[in-house]
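Here are some notes for a colleague who is meeting this structure for the first time. Please keep the sequence and the model side by side while reading the numbered points.

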Amino acid sequence: MRWQDALHLALRALSAHRLRSFLTLLGIAVGIAAVILLTSIGEGLHRFVLAEFSQFGTNVISLTPGRQGARGGPPGLPSTARELTLDDATALARLPRVLHLSASVSGNAEVRARGRVRRTTVLGVGPQMQQVYSIHVGIGQFLPPDDDAHARAFVVLGARLKRELFGAGNALGERVQIGAERFRVIGIMEEKGQFLGVDLDDAAYIPVARGLALFKRDGVMEIALTYDEALAAATVAADVRALMSARHGREDFTLITQEDMLATLSNILAILTAAVGALGGISLLVGAVGIVTIMTIAVSERTNEIGLLVALGARRRTILALFLGEAVVLAAAGGALGLVLGAGLAQAAALLLPALPVATPWPFVAAAELLAVLIGLAAGVLPARRAARLDAVEALRAE
């Protein structure tokens, strides 16, 4: 039998019971639509989180005091790890592969100006923080490269903090009090928005040496540096690790490259996206059961037809292929309908909920349609084998 004839017979058999066939393929369609919708939301969240982290650059290496991992000794003893200091930052800045560097310390403090008080995040940073984290001043200038021992009391305000303290008026040259010190405003940062729930515009930036004095700390909380993107992160990290280990006498710090962090985060989010899609795929089992049911009924209803085909010389494998073809056509049609429904629901969700990141992963779409065909193939095996094993004489006698 030619494949065109087999396809024609399969379509005719399915169209003979339109409502039953539609309800069966609807089960597959709902499952595929659920997979597409859930993976679209998962992929959208995946891209959103990676974009949030990537906005600060991908060629960043950060050091924090203390080494990750287990340490020996009884619990409750204070850590003996050395703090990261401004001298460490100065030494790292001299490395040939380091482009920009910023040591930082942060905390909460009251910021006062013109009779207004706002408690917000105060960041003690280096003058190259703009280049390290790819942020920019909107008005005025950023902190000048003063010597740490004689850092002037300058402050750069986040856009929202400036509005809260000064309204729409000009803030440049004004004085604000942070803690017990008065700082002169020399710049206003560009709008940056939120980063993982933290409002970057509601912050004040002061020299790191002033930040250490404000929060009464001896060491910085982090040292971040950038390098040429053409270089391998591992090469620069090895230089940084060697220098810091020599200065401290051991590796008592944690070094994290942005490249490694993004790769790890991407892998985790990809697994979550696949897991979400797999949960949606559970509904495909319902569609598979529906195909098994309808094909079993079809074999019972068409026993005479099967007997006639065998009597006319049709081979057993032809009968098997005929019923498998019907199951595959049914599943493929349901999968196509599900793709349209899923993609449509994903786009509708993106329009109705602009804050919800949605991105349809087209490889998943192709995989979902292939999965629908495979489900139809698997679900049709038992009914098709039953049809192929019917005895021709007994089949022709059946009513």
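1. Contact, as the word is used in this note, means heavy atoms within 4.5 Å. The model is a predicted one, and the points below should be read with that in mind.

2. As an overall picture, the protein chain holds 14 helices and 12 strands, and of its 399 residues 43% are buried. Among the contacts with a separation of 6 or more, 80% are between residues 24 or more positions apart. The chain exposes about 20,700 Å², with carbon and sulfur atoms supplying 61% of that area.

3. Helix α5, which spans residues 159-166, has as its buried residues A159, L161, K162, L165 and F166. In general, an α-helix has 3.6 residues a turn, so residues three or four places apart point the same way.

4. What do the buried residues of α5 pack against? Their partners are the strands β2 (98-113), β3 (116-125), β5 (154-157), β6 (175-178), β7 (181-189) and β10 (203-207). Just after the helix, G167 adopts a positive phi of about 65 degrees.

5. Elsewhere, L19, F22 and L23 make a nonpolar surface patch of about 330 Å². Of these, L23 is located in helix α2, which runs over residues 18-54. L23 counts as exposed because its relative accessibility is 52%, the cut-off for exposed being over 50%.

Notes:
Residues are numbered from 1 along each chain as its sequence is written. This is a predicted model: local features need pLDDT of at least 70, side-chain atom pairs count only at pLDDT 80 or more; totals for chains, interfaces and linings use all residues. Side-chain values use heavy atoms; hydrogens and water are left out. Buried means under 20% relative accessible area, exposed over 50%, partly exposed in between (1.4 Å probe, protein chains only). Helices (H or I, at least four residues) and strands (E, at least two) are DSSP runs, numbered from the N terminus. Patches are made of residues with over 30% relative accessible area and no salt bridge: like charges are joined within 9 Å, nonpolar side chains (Val, Leu, Ile, Met, Phe, Trp, Tyr) within 5 Å. Accessible areas come from the Shrake-Rupley method with a 1.4 Å probe; for residues, only the protein chains shown count as cover. A salt bridge is a side-chain nitrogen of Lys or Arg within 4 Å of a carboxyl oxygen of Asp or Glu.
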